[in-house]
Amino acid sequence: METLEPAVVAERIAALRSEHRALDERILQLAANPDDELESKRLKRRKLQLKDCIAQLESLLIPDEPA
């Protein structure tokens, strides 16, 4: 991944967290309807992808330590 400005990375993290929360709410809504199991699985998979992406971006914000 290319080097990005910390402010840009922080903005992207905020957007991904917002999407992650929205998916969480939607998954809770689908839990009440067992007919949408496939949709629920798809949303959970996307939520995990977002979590991984957020973690990767957060690691970009951590400065490298000199050896």
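The model is predicted, so local features need pLDDT of at least 70 and side-chain atom pairs count only at pLDDT 80 or more, while totals for chains, interfaces and linings use all residues. Residues are numbered from 1 along each chain as its sequence is written, and side-chain values use heavy atoms, with hydrogens and water left out.

Helices here are DSSP runs (H or I, at least four residues), numbered from the N terminus. Next, show the side chains of V9, I13, L16, L23, I27, L30, L43, L50, I54 and L57, the ten residues that make up that core. A nonpolar core is a set of buried Ala, Val, Leu, Ile, Met, Phe, Trp, Tyr and Cys residues joined through side-chain atoms within 4.5 Å, where buried means under 20% relative accessible area, exposed over 50%, and partly exposed in between (1.4 Å probe, protein chains only). Of the helices, α1 gives the most to this core, with six residues.

Now centre on L30, one of the core residues. Leaving aside residues up to four places away in sequence, L30 touches D36, E39, S40 and L43, a contact being heavy atoms within 4.5 Å.

**Charged pairs**

The structure holds five salt bridges, each defined as a side-chain nitrogen of Lys or Arg within 4 Å of a carboxyl oxygen of Asp or Glu.

Select E58 and R17, whose side chains meet in a salt bridge at 2.1 Å, N to O. Because E58 lies in helix α2 and R17 in helix α1, this pair ties together parts that are 41 residues apart in sequence. E58 counts as partly exposed at 30% relative accessibility, and R17 is likewise partly exposed, with a relative accessible area of 37%.

Move on to E19 and R46, which form a salt bridge with their closest N and O atoms 3.2 Å apart; E19 sits in helix α1 and R46 in helix α2, so that the pair links distant parts of the chain, 27 residues apart. E19 is partly exposed at 31% relative accessibility, and R46 is partly exposed with a relative accessible area of 31%.

Finish at D24 and K47, where the side chains meet in a salt bridge at 2.7 Å, N to O. With D24 in helix α1 and K47 in helix α2, the pair ties together parts that are 23 residues apart in sequence, and D24 counts as partly exposed at 31% relative accessibility.

How values were computed
Helix = DSSP H or I, 4+ residues; strand = E, 2+ residues; numbered from the N terminus.
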